[in-house]
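Hi,

Here is the structure I promised to pass on.

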Amino acid sequence: AYTVIMKQNIYTKIMISSVCIFSLSCTSVQPVSSGYVHDKAIHKISVLSDTHLQTGNLSDGISYINAWNHEIIEAALDQIDADDTDLLILCGDNTNSGKKEEHEELISLLKEMDVDVIVVPGNHDLGMTETDDFEKMYRMYGYGTAFSKDTASLSYCTVYDNVMIVVLDTNQDANGKTGIPEFTEQTFDWLEQQLQYAQHENLTVICAGHYPLITRQSGEFTQKKRIMRLLNQYEVPLYVCGHLHYHAVNDNGNLKEVVVSQTTSYPVSYSTIEMNEEVMGVSSVAVDVESWAKNNGRKETELLNFNSYLQTQFARKCEDVVSVLAEGKEISQADLLLAQDLFYKAMKYRSDGTLHAHREEIRNHNGYSAFQIISEGTIWNTWIPLVLVEADPDTEGFSIELKP
C-alpha cells in the first residue's frame, strides 16, 4: 500500500520545510520531489540479480544451464512470494538482451506475485530498449511509485515507513548511452538530496545498483570513489548490486557491498536482508528448484534432480574453461587434470561463499602452477590471486547494527 503525496498539499509543505530545516537555508538543497510514500514498514527484502530472462533460442544466453532459465526464475519468484517477503529488488540484467518480449515476459511473472517489487536497470536490460520505454514498462515496479526520480538518469528512490531504497542507474555514460557508468552533476546533486532527506527523517538507506562499487573488479566504474565517499558521509550501511555473476561481500568505511550472484547459475541462489530497528542481517538462500518442480507436476529428470544436475553442469563448465586455456600449450594430461581440479574448486568455493575457509587449500593445490602457466596472457591469470584476497567470512552472512 502507498500514499499519494501529491493530493496532500499540507504534507508537501511539511516535506519542503523539513528539508530546509536541516540545510539551514534552501539555497544549497532543493526540496525533495513529490511522489509516493508507502505506508508500511519493510522487514524482509529479497534480492535477485542477473536472471538474464530469455525468450526464443535459449542457447544464446550466458549461462551453462540456459535450458532451464525460465524454470529457475519461476521457482525463485514463487519461493520469495511464499516466504513472507515484503520487498523484492531485481538488481539488473533481469533480461538477457533487453528485447521488448523479454521485458514483457518478466513483467507477466511479476504480476503473479503478492510482493512489492523494485527494478534496477542493468546493461543487458537497456541493450534494445530506450530509457523512456524502460521506465514506462516498469511503472508498477519502482518508477510509478517512486518518492523521487532523477531526470538525468533512470535513478530513483522509494520510501517506506522505516527505509529508503535508492536505485542508482549505473549503466549510462555521459551521453546517456549504455556503457561505462558516468553520473552527471545533476545526478550527484539528486542523490545527495535524497540522502539528506533520509538522514533528517531517520530512515535507514539501502542503495541498489547493477555495477559494483567496492570490489577490485569494478575498475571501469571511474566515479565509484566519489559515490562511496557520499554514501559513507551519510552513513549508508548497505549497497546491493550484481553484474559479476558471483557472490561477494566488500567493505569501504562503514559501507557494506553485497554482490549478488547470478541467480540462474551455480549455486542458484539469491540474497535476503532482514531488518528491525536495531540490526540488519544479510544472508544467501538457495532456490529449491526440485520442490518447485514436484509441486508444479514437472516430469523432467533435470528438474526433479536439479541439485545433482547443477553440480554436474557446473563441473563441466569449469573443465571446459581450462581446456580452452590449455589449447596450444605444452602441458601433460596429469597437469591438465590438476589445473581443472584447482579451477573447479576455486570457482565452487567462491560461488558458495566459503573461499575464505579454503585459501590455503587453493594456494597449495598441486594444480596452481599449471593453471597459472596455461592462463598466462588472459584475465584468468590474475583471477585466483584476486579472489583469494577478496574472500571474506561475511560472504556466508553478516549483520549490521543500525544507528538509533
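Buried here means under 20% relative accessible area, with exposed over 50% and partly exposed in between (1.4 Å probe, protein chains only). This is a predicted model, so local features need pLDDT of at least 70 and side-chain atom pairs pLDDT 80 or more, while totals for chains, interfaces and linings use all residues. Residues are numbered from 1 along each chain as its sequence is written, and side-chain values use heavy atoms, without hydrogens and water.

Rings first. Those of Phe, Tyr and Trp (its six-membered ring) pair if their centres lie within 6.5 Å; planes under 30 degrees apart are stacked, over 60 edge-to-face, the rest tilted. There are 12 aromatic pairs. F134 and Y143 are edge-to-face, because their planes meet at 85°, with centres 6.1 Å apart. Both F134 and Y143 are buried. F343 and F371 are stacked, at 5.4 Å between centres and 15° between planes. Both F343 and F371 are buried. Ring pairs also join F134, Y138, Y143 and Y156 in a cluster.

D150 is buried but has no salt bridge (a side-chain nitrogen of Lys or Arg within 4 Å of a carboxyl oxygen of Asp or Glu). Which side chain does the side chain of D150 make a polar contact with? That of T187, at 2.6 Å (a polar contact is a pair of N or O atoms within 3.5 Å; within protein, one must be able to donate a hydrogen and the other to accept it, and residues adjacent in sequence count only if both atoms are side-chain atoms).

Best wishes

How values were computed. Lys and Arg count as positive and Asp and Glu as negative; His and the chain ends are not counted.
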